[in-house]
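I opened my notebook for a quick look through one structure. Here is what I looked up, entry by entry.

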Amino acid sequence: MSSQQNQKQQPATAADGITPRAQDYGQWYLDIVKRADLADHSSVRGCMVIKPHGYAIWEKLQRELDERFKATGHVNAYFPLFIPLSFFQKEEEHAAGFAKECAVVTHHRLKAVDGVVGVDPDSKLEEPLVVRPTSETIIWAQYKNWIQSYRDLPLLINQWANVVRWEMRTRLFLRTAEFLWQEGHTAHATEEEAREEVSRMLEVYADVAENVMGVPVVRGHKTEGERFAGALDTQSIEGMMQDGKALQMGTSHYLGQNFAKSADVKFLNKDGQLEYVHATSWGVSTRLIGALIMTHSDDNGLILPPKLAPIQVVIVPIYKTPEEQERTTAEAQAVAAELRRQGLSVKVDDREGMQPGAKYYEWERKGVPVRLEIGPRDLEKGSLCVVRRFVIEQDGESEQDLRKRKKQFLPRAEAIAGMTALMGTLQKDLLERARIQKQKKTRMIDTLEEYEEFFKGGGGFAWVHWAGTRDDEDTMAKRFETSIRCIPFADQIPEEGRGEGLCILTGKPSAQRVLMAKAY
RNA sequence: CGGGGCGUAGCGCAGACUGGUAGCGCGUUUGCUUGGGGUGCAAAAGGUCCCGGGUUCAAAUCCCGGCGCCCCGACCA
């Protein structure tokens with residue numbers, strides 16, 4: 001709780017209480033989460049409380065994802081939190097993969113002994129229940145009853161749920177013991193169809209990442225070692241955070257017939273023969289909020305894309321006299337009403353006894369994309385002061401110039417009529433800004449010397465030719481703390497890096513480059 | 001599991017070495033003042049000093065035991 005000694009040395013600036021990125025990226029991240037009111041540590045180790053502002057962002061993300069799931073033919077359902085241990089044991093590889101991070105329920109009752117309530121030893125469960133770290137096993141036990149014929153396929157179900165993974169080390173949003181997510185679980189008649197589903201859903205994730213979150217991603221396959229436990233193929237989208245590290249933002253798995261076999265799910269095909277179904281699963285979690293923060297935010301606080309901002313426009317009335325207060329506040333309400341008619345979410349900050357500057361800082365910290373200032377002079381001139389939360393930085397630009405470029409005085413009607421368009425601009429600019437950031441930290445690298453130098457410096461995404469074994473991957477991990485984030489789809493490799501080459505480590509021929517980076 | 005830090009007002013912290021009326025800043029409430037980038041003044045409210053035991057006339061402070069959280073490392077969708 002009290003590890004922010006560095007706050008004491010901080011000057012009282014806009015970023016008061018936020019450690020600059022350049023000084024300590026990890027602390028900066030924690031400060032943003034806290035100062036933007038997204039989440040709190042709870043009194044349970046590794047668990048977090050998602051506060052209203054953070055949860056509102058999650059709700060918007062949910063809506064965007066859910067719409068796309070529905071549009072691709074999926075329906076929602078809900079399966080139990082508890083999984084009988086025996087279900088879990090059925091798929092060996094899967095069980096082994098999650099074994100080390102499972103919470104297990106062993107008793108079902110408490111009892112007061114000498115006035116102290118504790119676990120009643122007489123209430124031991126005959127079979128322990130695993131708190132789901134993911135739901136494949138319990139869902140497939142159910143699918144067995146739902147699937148008999150090819151007419152029952154494909155079965156396309158998604159669930160929104162919480163899961164528990166008893167991680168040794170946790171970080172707010174990025175890795176917590178309990179988190180919120182969605183998990184799609186589908187059953188198909190053929191491998192081809194299932195693999196199509198895997199790709200389709202990965203593309204849904206990529207679409208949300210780029211066009212909703214404004215985070216450019218690389219699409220690709222995971223290596224054997226990084227695959228989901230029990231999957232034949234794991235595809236992922238990988239984003240680059242501002243410190244150059246990669247963050248896995250979503251995964252989509254082809255599970256083959258593994259789960260169908262372990263749960264004995266067969267269907268009668270058109271030829272009247274019994275076959276095992278082919279399975280997929282795919283998921284994204286509240287980790288995406290971590291990605292959002294680490295991609296866009298700055299030393300002044302959170303930056304949100306308009307599509308995910310719980311408040312898109314905040315209006316601050318400025319006044320000296322009660323009469324001015326009344327007029328500017330009325331105008332603020334009038335402008336808000338007009339903007340709401342465009343479907344925008346608008347907040348009028350009419351709190352009294354708080355200076356405008358204090359309000360500016362607060363809403364900046366919370367990431368509101370646009371602020372309108374309305375003062376007596378605007379009433380006279382019929383203008384509005386429109387301030388953007390961010391603009392795309394130019395090299396060598398001063399803080400002052402940056403601030404100037406964010407601020408615009410526009411005729412009232414023009415400002416209002418253009419607000420929806422401005423949201424669109426900001427949405428695009430944010431993605432563009434993230435692309436520039438990413439590009440600056442991306443290199444085609446062909447020698448180990450250059451590779452080492454790259455990661456000793458700022459690091460980032462390294463596109464390298466690779467033909468190594470799993471042992472060779474370990475070598476790279478030990479030497480450079482990097483790993484293969486994905487084996488990208490061919491069109492994901494930057495043009496200048498396409499084609500064949502020689503493995504950076506072994507010198508053997510390589511068909512294409514892979515994405516190497518340090519990872520969260 | 002190893003290393004480190006911390007637990008005192010809503011939040012951030014001081015006080016502890018050297019035991020003796022529970023403190024500061026921010027926030028909150030009230031009043032005035034101020035208001036285009038964190039106004040200023042005054043007054044007020046607010047405490048199980050993490051828990052248990054011990055030493056003592058007296059414990060936030062010393063001793064013993066416990067609990068919890070955070071950070072770093074190992075581990076990992």
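Predicted model: local features only at pLDDT ≥ 70, side-chain atom pairs only at ≥ 80, totals over all residues.

Entry on the overall build. I found 17 helices and 27 strands in chain A. The radius of gyration of chain A is 26 Å, close to the 24 Å from the globule rule for 520 residues, so chain A is as compact as a globular protein of that length. I also noted the extent of the C-alpha trace, about 80 × 70 × 55 Å along the principal axes.

Entry on burial and contacts. Of the 520 residues of chain A, 52% count as buried. I then took the contacts between residues at least 6 apart in sequence, and 71% of them join residues at least 24 apart.

Entry on charges. Chain A carries 69 positive and 76 negative charges, and I found their mean positions 3 Å apart.

Which strands pair with strand 11? Strand 12 (residues 233–240) runs antiparallel to strand 11 and is joined to it by five bridges; here I saw V218 opposite E238. Strand 24 (residues 483–488) is also antiparallel to strand 11, with two bridges between them, and I noted H221 opposite I487.

Methods: Residues numbered from 1 in each chain as written. Chains lettered and ligands numbered in written order. Heavy atoms only, no water. Helix = DSSP H or I, 4+ residues; strand = E, 2+ residues; numbered from the N terminus. Rg over C-alpha atoms; globule rule 2.2 N^0.38 Å. Buried < 20%, exposed > 50% of the residue type's maximum accessible area, 1.4 Å probe, protein only. Contact = heavy atoms within 4.5 Å. Lys, Arg positive; Asp, Glu negative; His and termini not counted. Charge placed at Lys NZ, Arg CZ, Asp CG, Glu CD. Pairing = 2+ DSSP bridges.
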